[in-house]
Amino acid sequence: MTHKLAAYGGKKVREEPLDPHRYLQTRFGEEEKQAVSEVLDSGYLCRVFGDRAKAFEQEIAEYFGVAGAAAVSSGTAAIHCALAALDVGYGDEVITSPITDMGSVIPIVAQNAVPVFADVDPNTFNINAASIEKVLTERTKAIIAVHLAGQCCVMRPIMDLARERGVHVVEDCAQSYLSTCDGRTAGTIGDVGCFSLNDFKHITCGDGGFLTSDDRDLIYRAALFADKGYPRTGPVRNSLVMGLNYRITELQAAVASVQLRKLASIIERRREFARILNEMLSRIEGFNPPTVANGIVHSYWFYPFTIDSELLGVDAATFAREVTAEGIPVTYPYLGSPVYLFDSVRKMHIYGSEITYKEGLCPDAEKALASMMVLPCNESMTENDARDIAAALSKVCDYHLEKSNHDT
Ligand SMILES: Cc1ncc(COP(=O)(O)O)c(C=O)c1O
(Lines give C-alpha, C1' and ligand atoms only; values in the text may rest on other atoms or scores of the structure.)
Protein backbone atom coordinates (compact mmCIF):
# COMPACT_ATOMS: atom_id res chain seq x y z
CA MET A 1 0.00 0.00 0.00
CA THR A 2 1.66 3.25 -1.12
CA HIS A 3 1.23 6.65 0.48
CA LYS A 4 -0.50 9.62 -1.08
CA LEU A 5 2.06 11.95 -2.63
CA ALA A 6 2.59 15.39 -1.11
CA ALA A 7 1.99 16.86 -4.58
CA TYR A 8 -1.63 15.64 -4.28
CA GLY A 9 -2.27 16.54 -0.64
CA GLY A 10 -0.38 13.74 1.17
CA LYS A 11 2.13 14.16 4.01
CA LYS A 12 5.59 15.33 2.96
CA VAL A 13 8.61 13.12 3.55
CA ARG A 14 10.38 16.23 4.81
CA GLU A 15 8.37 19.11 6.27
CA GLU A 16 11.42 21.43 6.23
CA PRO A 17 12.65 21.06 2.63
CA LEU A 18 16.24 19.93 2.13
CA ASP A 19 18.34 23.06 1.68
CA PRO A 20 20.90 22.33 -1.03
CA HIS A 21 22.69 25.59 -0.22
CA ARG A 22 23.45 24.77 3.43
CA TYR A 23 27.15 24.39 2.56
CA LEU A 24 27.35 28.11 1.76
CA GLN A 25 27.18 28.90 5.49
CA THR A 26 30.50 27.20 6.22
CA ARG A 27 32.18 27.64 2.89
CA PHE A 28 34.52 30.42 4.00
CA GLY A 29 36.22 30.65 7.36
CA GLU A 30 38.89 32.54 9.24
CA GLU A 31 41.59 31.48 6.75
CA GLU A 32 39.87 33.23 3.83
CA LYS A 33 39.23 36.34 5.96
CA GLN A 34 42.88 36.40 7.01
CA ALA A 35 44.07 35.95 3.42
CA VAL A 36 41.88 38.78 2.15
CA SER A 37 42.99 40.99 5.00
CA GLU A 38 46.66 40.38 4.18
CA VAL A 39 46.09 41.41 0.57
CA LEU A 40 44.30 44.59 1.66
CA ASP A 41 47.15 45.38 4.04
CA SER A 42 49.67 44.95 1.23
CA GLY A 43 48.05 47.82 -0.69
CA TYR A 44 48.08 45.90 -4.00
CA LEU A 45 44.86 44.45 -5.39
CA CYS A 46 46.11 44.07 -8.96
CA ARG A 47 48.22 41.03 -9.78
CA VAL A 48 50.68 43.05 -11.82
CA PHE A 49 52.05 44.60 -8.62
CA GLY A 50 51.27 41.97 -6.01
CA ASP A 51 52.58 38.46 -5.42
CA ARG A 52 49.43 36.55 -4.35
CA ALA A 53 48.25 35.52 -7.84
CA LYS A 54 51.79 34.45 -8.78
CA ALA A 55 52.01 32.34 -5.61
CA PHE A 56 48.58 30.83 -6.36
CA GLU A 57 49.80 29.75 -9.80
CA GLN A 58 52.76 28.02 -8.20
CA GLU A 59 50.42 26.29 -5.74
CA ILE A 60 48.13 25.08 -8.54
CA ALA A 61 51.08 23.66 -10.52
CA GLU A 62 52.32 21.79 -7.46
CA TYR A 63 48.83 20.57 -6.52
CA PHE A 64 48.14 19.11 -9.96
CA GLY A 65 51.74 18.04 -10.57
CA VAL A 66 52.05 19.99 -13.82
CA ALA A 67 54.80 22.21 -15.18
CA GLY A 68 52.79 25.42 -15.08
CA ALA A 69 49.51 27.17 -14.32
CA ALA A 70 47.94 30.52 -15.16
CA ALA A 71 45.21 32.07 -13.00
CA VAL A 72 42.60 34.16 -14.82
CA SER A 73 39.26 35.89 -14.23
CA SER A 74 36.84 33.04 -15.06
CA GLY A 75 36.49 29.55 -16.47
CA THR A 76 35.35 31.07 -19.74
CA ALA A 77 38.50 33.20 -19.78
CA ALA A 78 40.61 30.10 -19.09
CA ILE A 79 39.15 28.35 -22.14
CA HIS A 80 39.56 31.47 -24.27
CA CYS A 81 43.21 31.83 -23.22
CA ALA A 82 43.78 28.12 -23.93
CA LEU A 83 42.35 28.40 -27.46
CA ALA A 84 44.34 31.57 -28.15
CA ALA A 85 47.53 29.90 -26.86
CA LEU A 86 46.83 26.95 -29.17
CA ASP A 87 46.55 29.42 -32.04
CA VAL A 88 42.92 28.59 -32.80
CA GLY A 89 41.76 31.22 -35.27
CA TYR A 90 39.65 32.14 -38.28
CA GLY A 91 37.93 29.19 -39.93
CA ASP A 92 39.24 26.55 -37.55
CA GLU A 93 36.71 24.11 -36.16
CA VAL A 94 36.62 23.28 -32.46
CA ILE A 95 34.65 20.28 -31.24
CA THR A 96 32.79 20.63 -27.96
CA SER A 97 29.84 19.16 -26.08
CA PRO A 98 26.17 20.11 -26.57
CA ILE A 99 25.59 19.63 -22.81
CA THR A 100 27.69 22.30 -21.17
CA ASP A 101 27.83 25.93 -20.12
CA MET A 102 28.20 28.64 -22.76
CA GLY A 103 31.70 29.12 -21.34
CA SER A 104 32.77 26.16 -23.49
CA VAL A 105 31.31 27.71 -26.65
CA ILE A 106 31.76 31.49 -26.52
CA PRO A 107 35.59 31.37 -26.56
CA ILE A 108 35.50 29.40 -29.83
CA VAL A 109 33.37 32.08 -31.46
CA ALA A 110 35.49 34.84 -29.90
CA GLN A 111 38.46 33.36 -31.80
CA ASN A 112 36.46 33.50 -35.07
CA ALA A 113 36.44 29.72 -35.09
CA VAL A 114 33.48 27.39 -35.61
CA PRO A 115 31.88 25.43 -32.74
CA VAL A 116 31.13 21.85 -33.79
CA PHE A 117 29.06 19.67 -31.49
CA ALA A 118 29.79 15.99 -30.93
CA ASP A 119 26.95 13.92 -29.50
CA VAL A 120 27.14 12.55 -25.96
CA ASP A 121 27.21 9.06 -24.57
CA PRO A 122 23.56 8.59 -23.53
CA ASN A 123 24.62 7.06 -20.20
CA THR A 124 27.39 9.37 -18.97
CA PHE A 125 26.28 12.53 -20.85
CA ASN A 126 29.91 13.13 -21.92
CA ILE A 127 31.27 13.29 -25.46
CA ASN A 128 33.52 10.38 -26.45
CA ALA A 129 36.05 9.36 -29.12
CA ALA A 130 33.40 7.73 -31.34
CA SER A 131 31.12 10.78 -31.40
CA ILE A 132 34.08 13.14 -31.83
CA GLU A 133 35.41 11.11 -34.78
CA LYS A 134 32.07 11.49 -36.58
CA VAL A 135 32.39 15.29 -36.68
CA LEU A 136 36.18 15.61 -36.99
CA THR A 137 37.31 17.19 -40.30
CA GLU A 138 40.46 18.57 -41.92
CA ARG A 139 39.59 21.91 -40.32
CA THR A 140 39.38 20.62 -36.74
CA LYS A 141 42.02 22.38 -34.67
CA ALA A 142 40.98 21.41 -31.15
CA ILE A 143 38.61 19.33 -29.04
CA ILE A 144 37.18 20.69 -25.81
CA ALA A 145 36.50 17.61 -23.70
CA VAL A 146 33.84 18.80 -21.24
CA HIS A 147 33.83 16.70 -18.08
CA LEU A 148 30.19 17.04 -17.01
CA ALA A 149 28.80 17.00 -13.47
CA GLY A 150 31.97 15.62 -11.85
CA GLN A 151 32.73 12.87 -14.35
CA CYS A 152 35.88 12.98 -16.49
CA CYS A 153 35.44 11.95 -20.15
CA VAL A 154 36.99 8.61 -21.12
CA MET A 155 40.21 10.27 -22.19
CA ARG A 156 42.55 7.60 -23.57
CA PRO A 157 40.64 7.02 -26.85
CA ILE A 158 40.10 10.78 -27.20
CA MET A 159 43.84 11.41 -26.78
CA ASP A 160 44.71 8.60 -29.25
CA LEU A 161 42.33 10.04 -31.84
CA ALA A 162 43.60 13.59 -31.30
CA ARG A 163 47.26 12.57 -31.60
CA GLU A 164 46.55 10.54 -34.74
CA ARG A 165 44.77 13.51 -36.37
CA GLY A 166 47.08 16.24 -35.06
CA VAL A 167 44.38 17.96 -33.03
CA HIS A 168 44.81 19.71 -29.65
CA VAL A 169 42.83 18.66 -26.58
CA VAL A 170 41.52 21.17 -24.05
CA GLU A 171 39.96 19.65 -20.94
CA ASP A 172 37.05 21.65 -19.54
CA CYS A 173 37.27 20.70 -15.87
CA ALA A 174 34.94 23.43 -14.55
CA GLN A 175 32.54 20.84 -13.09
CA SER A 176 34.98 18.02 -12.41
CA TYR A 177 37.74 18.93 -10.00
CA LEU A 178 39.81 15.84 -9.08
CA SER A 179 37.78 13.42 -11.16
CA THR A 180 40.20 10.84 -12.52
CA CYS A 181 40.47 8.70 -15.64
CA ASP A 182 42.69 5.61 -15.43
CA GLY A 183 44.30 7.14 -12.35
CA ARG A 184 45.08 10.48 -14.01
CA THR A 185 43.54 13.67 -12.73
CA ALA A 186 41.27 15.74 -14.98
CA GLY A 187 43.23 18.70 -16.26
CA THR A 188 46.53 16.82 -16.55
CA ILE A 189 45.65 14.54 -19.47
CA GLY A 190 45.04 16.82 -22.46
CA ASP A 191 47.28 19.60 -23.74
CA VAL A 192 45.72 21.99 -21.26
CA GLY A 193 43.17 21.86 -18.43
CA CYS A 194 40.73 24.71 -17.76
CA PHE A 195 39.00 25.25 -14.42
CA SER A 196 36.34 27.63 -13.12
CA LEU A 197 36.29 29.24 -9.67
CA ASN A 198 32.79 30.69 -10.06
CA ASP A 199 30.42 30.66 -7.12
CA PHE A 200 28.76 27.35 -7.98
CA LYS A 201 31.84 25.21 -8.30
CA HIS A 202 33.57 22.80 -5.86
CA ILE A 203 35.82 25.67 -4.80
CA THR A 204 35.38 29.37 -5.48
CA CYS A 205 36.54 32.94 -5.14
CA GLY A 206 33.28 34.41 -6.52
CA ASP A 207 34.56 34.36 -10.08
CA GLY A 208 37.88 33.18 -11.38
CA GLY A 209 39.57 30.37 -13.23
CA PHE A 210 42.88 28.80 -14.13
CA LEU A 211 44.76 26.74 -16.71
CA THR A 212 47.06 23.80 -16.07
CA SER A 213 49.59 22.37 -18.51
CA ASP A 214 52.87 20.55 -18.81
CA ASP A 215 53.72 22.90 -21.65
CA ARG A 216 55.33 25.96 -20.02
CA ASP A 217 55.32 27.87 -23.27
CA LEU A 218 51.57 27.35 -23.69
CA ILE A 219 51.03 28.70 -20.17
CA TYR A 220 53.21 31.70 -20.99
CA ARG A 221 51.18 32.44 -24.14
CA ALA A 222 47.90 32.02 -22.23
CA ALA A 223 49.10 34.40 -19.52
CA LEU A 224 50.15 36.95 -22.14
CA PHE A 225 46.70 36.74 -23.74
CA ALA A 226 45.09 37.27 -20.32
CA ASP A 227 47.04 40.50 -19.81
CA LYS A 228 46.58 42.39 -23.09
CA GLY A 229 49.72 40.82 -24.50
CA TYR A 230 52.03 42.50 -21.98
CA PRO A 231 54.99 40.41 -20.85
CA ARG A 232 55.52 42.79 -17.88
CA THR A 233 59.28 42.50 -18.12
CA GLY A 234 61.70 45.31 -18.77
CA PRO A 235 61.16 49.05 -18.51
CA VAL A 236 59.59 49.62 -21.95
CA ARG A 237 56.01 48.60 -22.53
CA ASN A 238 55.19 46.48 -25.57
CA SER A 239 52.23 44.24 -26.37
CA LEU A 240 53.27 40.93 -27.95
CA VAL A 241 49.89 39.43 -28.85
CA MET A 242 46.32 40.72 -29.22
CA GLY A 243 44.77 39.66 -25.94
CA LEU A 244 42.18 40.77 -23.44
CA ASN A 245 42.17 41.76 -19.80
CA TYR A 246 41.37 38.46 -18.11
CA ARG A 247 43.48 39.13 -15.00
CA ILE A 248 42.48 37.58 -11.70
CA THR A 249 42.77 40.03 -8.81
CA GLU A 250 44.96 39.54 -5.75
CA LEU A 251 41.84 39.30 -3.57
CA GLN A 252 40.38 36.50 -5.70
CA ALA A 253 43.70 34.66 -5.78
CA ALA A 254 44.03 34.91 -1.99
CA VAL A 255 40.60 33.33 -1.44
CA ALA A 256 41.13 30.71 -4.16
CA SER A 257 44.45 29.71 -2.65
CA VAL A 258 42.80 28.88 0.70
CA GLN A 259 39.97 27.10 -1.13
CA LEU A 260 42.48 24.95 -3.02
CA ARG A 261 43.74 23.62 0.31
CA LYS A 262 40.16 22.55 1.14
CA LEU A 263 39.53 20.89 -2.22
CA ALA A 264 40.55 17.31 -1.35
CA SER A 265 38.37 17.24 1.74
CA ILE A 266 35.38 18.73 -0.13
CA ILE A 267 35.66 16.06 -2.83
CA GLU A 268 36.14 13.31 -0.28
CA ARG A 269 32.94 14.32 1.56
CA ARG A 270 30.97 14.55 -1.69
CA ARG A 271 32.16 11.11 -2.75
CA GLU A 272 31.22 9.64 0.60
CA PHE A 273 27.74 11.19 0.41
CA ALA A 274 27.29 9.88 -3.15
CA ARG A 275 28.44 6.41 -2.03
CA ILE A 276 25.79 6.35 0.71
CA LEU A 277 23.18 7.69 -1.69
CA ASN A 278 24.07 5.14 -4.39
CA GLU A 279 23.73 2.33 -1.89
CA MET A 280 20.34 3.50 -0.62
CA LEU A 281 18.95 4.29 -4.07
CA SER A 282 20.12 1.05 -5.67
CA ARG A 283 17.16 -0.74 -4.09
CA ILE A 284 14.53 1.49 -5.73
CA GLU A 285 12.76 -0.06 -8.71
CA GLY A 286 12.47 2.32 -11.64
CA PHE A 287 15.31 4.61 -10.51
CA ASN A 288 18.58 4.81 -12.50
CA PRO A 289 21.60 6.21 -10.61
CA PRO A 290 24.39 8.02 -12.51
CA THR A 291 26.40 5.73 -14.77
CA VAL A 292 30.12 6.03 -14.12
CA ALA A 293 32.27 4.83 -17.03
CA ASN A 294 34.99 2.20 -16.50
CA GLY A 295 38.23 3.69 -15.21
CA ILE A 296 36.59 6.93 -14.06
CA VAL A 297 36.33 8.24 -10.51
CA HIS A 298 33.49 10.76 -10.17
CA SER A 299 33.75 13.94 -8.08
CA TYR A 300 30.00 14.71 -7.92
CA TRP A 301 29.51 18.36 -8.72
CA PHE A 302 25.91 17.26 -8.98
CA TYR A 303 24.12 13.92 -9.02
CA PRO A 304 22.39 13.27 -12.36
CA PHE A 305 19.81 10.51 -12.59
CA THR A 306 17.01 9.19 -14.79
CA ILE A 307 13.97 7.01 -14.24
CA ASP A 308 12.49 4.15 -16.19
CA SER A 309 9.58 6.21 -17.50
CA GLU A 310 8.03 3.27 -19.31
CA LEU A 311 7.98 1.05 -16.24
CA LEU A 312 6.72 3.81 -13.93
CA GLY A 313 4.37 5.40 -16.42
CA VAL A 314 5.50 8.93 -15.56
CA ASP A 315 7.61 11.55 -17.34
CA ALA A 316 10.65 13.26 -15.85
CA ALA A 317 9.00 16.67 -15.43
CA THR A 318 6.11 15.24 -13.38
CA PHE A 319 8.44 12.99 -11.39
CA ALA A 320 10.75 15.91 -10.51
CA ARG A 321 7.79 18.03 -9.42
CA GLU A 322 6.43 15.23 -7.23
CA VAL A 323 9.76 14.55 -5.50
CA THR A 324 10.28 18.28 -4.94
CA ALA A 325 6.84 18.47 -3.31
CA GLU A 326 8.07 15.83 -0.83
CA GLY A 327 10.73 18.32 0.37
CA ILE A 328 13.61 17.09 -1.79
CA PRO A 329 14.53 19.59 -4.52
CA VAL A 330 15.02 17.96 -7.90
CA THR A 331 16.13 20.10 -10.83
CA TYR A 332 14.51 19.44 -14.19
CA PRO A 333 15.52 20.13 -16.84
CA TYR A 334 19.24 20.62 -16.25
CA LEU A 335 19.31 22.72 -19.45
CA GLY A 336 16.25 23.73 -21.47
CA SER A 337 18.00 22.44 -24.60
CA PRO A 338 21.45 21.49 -25.89
CA VAL A 339 23.52 24.68 -26.07
CA TYR A 340 23.36 24.67 -29.91
CA LEU A 341 19.64 25.48 -29.61
CA PHE A 342 20.21 28.45 -27.29
CA ASP A 343 19.08 31.73 -28.87
CA SER A 344 22.59 33.22 -28.91
CA VAL A 345 24.02 30.23 -30.79
CA ARG A 346 21.18 30.00 -33.31
CA LYS A 347 21.41 33.72 -34.03
CA MET A 348 25.17 33.93 -34.41
CA HIS A 349 26.81 34.48 -37.73
CA ILE A 350 30.03 32.60 -38.29
CA TYR A 351 32.12 34.17 -41.00
CA GLY A 352 33.12 31.77 -43.74
CA SER A 353 30.90 28.94 -42.53
CA GLU A 354 27.49 27.79 -43.66
CA ILE A 355 27.05 25.66 -40.56
CA THR A 356 23.62 25.84 -38.92
CA TYR A 357 22.53 24.52 -35.57
CA LYS A 358 19.13 22.90 -35.47
CA GLU A 359 17.08 20.32 -33.64
CA GLY A 360 18.25 16.77 -34.28
CA LEU A 361 21.95 17.70 -34.52
CA CYS A 362 22.86 15.57 -31.47
CA PRO A 363 19.91 13.23 -30.86
CA ASP A 364 21.40 11.50 -27.82
CA ALA A 365 22.06 14.84 -26.11
CA GLU A 366 18.50 15.94 -26.82
CA LYS A 367 17.13 12.67 -25.40
CA ALA A 368 19.46 12.87 -22.39
CA LEU A 369 18.32 16.38 -21.52
CA ALA A 370 14.68 15.34 -21.80
CA SER A 371 15.21 12.58 -19.23
CA MET A 372 18.04 13.81 -16.97
CA MET A 373 17.12 15.08 -13.50
CA VAL A 374 19.53 16.45 -10.94
CA LEU A 375 19.78 15.91 -7.22
CA PRO A 376 21.94 18.21 -5.12
CA CYS A 377 25.10 16.59 -3.79
CA ASN A 378 27.52 18.57 -1.68
CA GLU A 379 29.82 18.42 1.30
CA SER A 380 27.22 19.63 3.82
CA MET A 381 24.83 16.77 3.14
CA THR A 382 24.46 14.03 5.74
CA GLU A 383 23.40 10.41 6.01
CA ASN A 384 20.06 11.68 7.28
CA ASP A 385 19.64 13.76 4.13
CA ALA A 386 20.44 10.66 2.05
CA ARG A 387 17.77 8.73 3.96
CA ASP A 388 15.17 11.43 3.22
CA ILE A 389 16.16 11.53 -0.45
CA ALA A 390 15.82 7.76 -0.67
CA ALA A 391 12.46 7.86 1.14
CA ALA A 392 11.08 10.52 -1.23
CA LEU A 393 12.33 8.79 -4.38
CA SER A 394 11.10 5.42 -3.28
CA LYS A 395 7.69 6.84 -2.25
CA VAL A 396 7.21 8.44 -5.68
CA CYS A 397 8.52 5.38 -7.59
CA ASP A 398 6.33 2.97 -5.58
CA TYR A 399 3.29 5.18 -6.09
CA HIS A 400 3.75 5.06 -9.87
CA LEU A 401 4.63 1.37 -9.94
CA GLU A 402 1.44 0.54 -8.10
CA LYS A 403 -0.55 2.89 -10.32
CA SER A 404 0.87 1.35 -13.51
CA ASN A 405 0.27 -2.20 -12.24
CA HIS A 406 -3.25 -1.22 -11.37
CA ASP A 407 -3.85 0.44 -14.75
CA THR A 408 -2.65 -2.61 -16.73
C1 LIG B 1 31.39 22.99 -18.02
C2 LIG B 1 31.65 24.46 -17.82
N3 LIG B 1 32.55 25.07 -18.61
C4 LIG B 1 32.83 26.37 -18.48
C5 LIG B 1 32.20 27.15 -17.53
C6 LIG B 1 32.50 28.60 -17.46
O7 LIG B 1 33.01 29.00 -16.22
P8 LIG B 1 32.82 30.50 -15.70
O9 LIG B 1 31.42 30.66 -15.25
O10 LIG B 1 33.80 30.60 -14.57
O11 LIG B 1 33.16 31.42 -16.81
C12 LIG B 1 31.26 26.56 -16.67
C13 LIG B 1 30.56 27.36 -15.67
O14 LIG B 1 29.43 27.16 -15.30
C15 LIG B 1 30.97 25.18 -16.82
O16 LIG B 1 30.08 24.56 -16.04
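What follows is a short chat about a predicted model.

Student: Let's start with helix 6. Which of its residues are buried?
Tutor: Helix 6 covers residues 155-165. M155, I158, M159, L161 and A162 are buried there.

Student: Where do they sit around the axis?
Tutor: They cover an arc of only 165 degrees, which puts them on the same side of helix 6.

Student: Why would residues spaced like that point the same way?
Tutor: An α-helix has 3.6 residues a turn, so residues three or four places apart point the same way.

Student: And which residues are exposed on the other side of helix 6?
Tutor: R156 and E164.

Student: What covers the buried residues of helix 6?
Tutor: The cover includes helix 5 (129-135) and strand 4 (140-146). Strand 5 (168-172) and strand 6 (180-181) are also part of it.

Student: What follows helix 6?
Tutor: G166 does, and its phi is positive, near 65 degrees.

Student: Which residues other than glycine have a positive phi?
Tutor: A149 is one of them, with a phi of about 70 degrees. K228 is another, with phi near 55 degrees.

Student: Where are those two?
Tutor: A149 is in the loop between strand 4 and helix 6. K228 is in the loop between helix 7 (216-225) and helix 8.

Student: Buried or exposed?
Tutor: A149 has 3% relative accessibility, so A149 counts as buried. K228 has 34%, so K228 counts as partly exposed.

Student: How far apart are G150 and H298?
Tutor: In sequence, 148 residues. In space, C-alpha to C-alpha, 5.4 Å.

Student: New topic: cavities. How many are there of 30 Å³ or more?
Tutor: One. About 50 Å³ of space lies in the largest cavity.

Student: Which residues line the largest cavity?
Tutor: N123, T124, F125, L148, A149 and Q151 are among them. P290, T291, H298 and P304 line it as well.

Student: Let's look at H80 in helix 3. Buried or exposed?
Tutor: H80 counts as buried, at 4% relative accessibility. Leaving out residues up to four places away in sequence, H80 touches P107, A110, Q111, F225, L244 and Y246.

Student: You mentioned strand 13. What sheet is it in?
Tutor: An open sheet of three strands, in the order 10-12-13, with antiparallel pairing.

Student: Which strands stand at the edges?
Tutor: Strand 10 (287-288) and strand 13 (373-375). Each has a single partner strand, so one side of each is left without a neighbour in the sheet.

Student: How many bridges join strand 12 to strand 13?
Tutor: Three, and the two strands run antiparallel. Strand 12 covers residues 303-307. P304 stands opposite V374 in strand 13. P304 also lines the largest cavity.

Student: Which helix lies across these strands?
Tutor: Helix 8 (residues 250-281) lies across strand 10, strand 12 and strand 13. It runs at about 10 degrees to strand 12.

Student: One more helix. Which residues of helix 12 are buried?
Tutor: A365, A368 and L369, in a helix that covers residues 363-371. Their arc is only 95 degrees around the axis, which puts them on the same side of helix 12.

Student: Last one: where is there a cis peptide bond?
Tutor: From Y332 to P333, with omega near -10 degrees. P333 is in the loop between helix 10 (316-325) and helix 11 (343-347).

Conventions:
Residues are numbered from 1 along each chain as its sequence is written. This is a predicted model: local features need pLDDT of at least 70, side-chain atom pairs count only at pLDDT 80 or more; totals for chains, interfaces and linings use all residues. Side-chain values use heavy atoms; hydrogens and water are left out. Buried means under 20% relative accessible area, exposed over 50%, partly exposed in between (1.4 Å probe, protein chains only). Helices (H or I, at least four residues) and strands (E, at least two) are DSSP runs, numbered from the N terminus. The arc is that of the directions from the helix axis to the C-beta atoms. Contact means heavy atoms within 4.5 Å. Two strands pair if DSSP finds at least two bridges between them. Axes are lines fitted to C-alpha atoms, for helices over the stretch in contact, and angles run from 0 to 180 degrees between N-to-C directions. On a 1 Å grid over the protein atoms alone, a cavity is a set of points where a 1.4 Å probe fits but cannot get out, and a pocket is an open set with protein on both sides within 12 Å along at least five of seven lines; lining residues have an atom within 4 Å of a point. Grid points are joined across faces, edges and corners, and a volume is the space filled by probe spheres set on the points.
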